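Here is a short briefing on one protein chain. Look over the sequence and the 3D view before reading on.

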Amino acid sequence: MKLTVAIVCAMATALLAAAPSSAEAGDGELKVGYYDNKCSGVEDIVRSHVIKAIIQDRGIGGSLIRLIFHDCFVRGCDGSVLLNASDENPRPETAAPVSIGLEGFDILEEIKADLERRCPGVVSCADILIFAARDASSILSNGRVRFDVPAGRLDGVVSSADEAQAELPDPTFTIRQLIDNFARKNFTVEELVVLSGAHSVGDGHCSSFTARLAAPPDQITPSYRNLLNYRCSRGGGADPAVVNNARDEDLATVARFMPAFVGKLRPVSALDNTYYRNNLDKVVNFNSDWQLLTQDEARGHVREYADNAALWDHDFAASLLKLSKLPMPVGSKGEIRNKCGAINHSKS
């Protein structure tokens, strides 16, 4: 993949422009620097909030990265994933089974409130979400994942759980289903593999990988399967969350089930290429992760990124940038929401 990336480590500037309170999506083009003359320091403000949130809870970084995927794959990058249930729409995207465990909404709402005090009605929640995901990627990768974000998005007014369930890939998918799902959004097999690397951070609920708990040794390393079974039987609640990356497990649990893996543990979670090495070792949670090894091209890219961390950093940034440009459906209406969780004319 070509290395089309730019800056970001040192906090860019501001993007996005004041859009009308209600307009048709696609009226204007996205561009870097969209907010420069409309709301000074937008990106710096977003980044300061993201840094603060990650200092308090490093896991929130993975949640913010996940949100860009869940938002943009459904109706384009329009902030529709941020909408709460309301009387008018009791089942928004977050109600879909595939959306289980989504987090980070409170951080984005805090950023929105800060920007509304400074520049009322100017910065869309959709752009805030993209900036925050980009910044979380940069922070968790120690600045290795970086790109400039073009802005100027409107916030959508439609959010449907059924649509989210139909559009987003499920962790139980086969490789054929994954390839077809990504192809519908004009993403290649390589980009499917690249974006799957986001599973080097964050966590997943046991219900999302139930079948893996009984999968044979040629699909999952038995010691890791035993660790997952332990986590899912002893975790809190009816559907415990387990870290995606065994590297982020606690020492005692890894020492008990995977003593040979102890040397791979790290003090802090990081967005990096360890996902690919784990995948080759069959130490990954989701069936959709393991499925990447079942098709020649996808498996080749897994090996490529396992061997070349810098290439994955660049290609992940390029793929996130491409993801951030997915448009709203033609003819969709958009606005600049006053709050990210509700459309402006909502009664809620």
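Predicted model: local features only at pLDDT ≥ 70, side-chain atom pairs only at ≥ 80, totals over all residues.

Residues are numbered from 1 along each chain as its sequence is written, and side-chain values use heavy atoms, with hydrogens and water left out. Helices (H or I, at least four residues) and strands (E, at least two) are DSSP runs, numbered from the N terminus.

**Pocket and cavity**

- Rolling a probe the size of a water molecule over the atoms shows where empty space is left.
- The search runs on a 1 Å grid over the protein atoms alone; a cavity is a set of points where a 1.4 Å probe fits but cannot get out, and a pocket is an open set with protein on both sides within 12 Å along at least five of seven lines.
- Lining residues have an atom within 4 Å of a point.
- Grid points are joined across faces, edges and corners, and a volume is the space filled by probe spheres set on the points.
- The largest pocket has a volume of about 960 Å³.
- Of the 45 residues that line this pocket, Arg66, His70, His199, Asn244 and Phe286 are the closest to its centre.
- Elements giving two or more residues to the lining include helix H6 (175–183), strand E3 (203–205) and helix H13 (309–323).
- H2 supplies the largest share of the lining, eight residues.
- The pocket lining has 22 nonpolar, 16 polar and seven charged residues. Here Ala, Val, Leu, Ile, Met, Phe, Trp, Tyr, Cys and Pro count as nonpolar, Asp, Glu, Lys and Arg as charged, and the others, Gly among them, as polar.
- The count comes to one cavity of 30 Å³ or more. The largest cavity has a volume of about 30 Å³.
- His199, Asn244, Asn245, Tyr275, Asn278, Val283 and Val284 line the largest cavity.
- By class, that cavity lining has three nonpolar, four polar and no charged residues.

**Nonpolar cores**

- A nonpolar core is a set of buried Ala, Val, Leu, Ile, Met, Phe, Trp, Tyr and Cys residues joined through side-chain atoms within 4.5 Å. Buried means under 20% relative accessible area, exposed over 50%, partly exposed in between (1.4 Å probe, protein chains only).
- The largest core has 81 residues, and Val50, Leu108, Phe316 and Leu323 have the most contacts inside it.
- Helix H4 (residues 125–140) gives the most to this core, with 10 residues.
- A second, separate core has 18 residues, including Leu213, Ile220, Val242 and Val254.
- Phe316 touches Ile65, Ser137, Val145, Val194, Leu195, Ala198 and Leu271, not counting residues up to four places away in sequence. Contact means heavy atoms within 4.5 Å.

**Helix H7**

- H7 is mostly covered, with eight of its eight residues buried.
- Among the buried residues of H7 are Glu190, Glu191 and Ser196.
- The buried residues of H7 pack against H6, helix H10 (274–280), helix H12 (296–307) and H13.

**Disulfides**

- The structure holds four disulfides (a disulfide is a pair of cysteine sulfur atoms within 2.5 Å).
- Numbering the bonded cysteines in sequence order, the pairing is 1-4, 2-3, 5-8, 6-7.
- Cys39 and Cys119 are linked, with sulfur atoms 2.0 Å apart. This link is right-handed, with 85 degrees about the S-S bond. Cys39 and Cys119 are 80 residues apart.
- Cys125 and Cys340 are linked, with sulfur atoms 2.2 Å apart. This link is left-handed, with -95 degrees about the S-S bond. Cys125 in helix H4 and Cys340 in the segment after strand E5 (333–335) are 215 residues apart.
- Cys206 and Cys232 are joined as well, S to S 2.0 Å. Cys206 lies in the loop between E3 and helix H8 (222–234) and Cys232 in helix H8, so the pair ties together parts 26 residues apart in sequence.

**Backbone angles**

- Most residues other than glycine have a negative phi.
- Phi of Arg75 is near 65 degrees, a positive value. Arg75 counts as buried, at 18% relative accessibility.
- Phi of Asn142 is near 55 degrees, also a positive value. Asn142 is exposed, with a relative accessible area of 59%.
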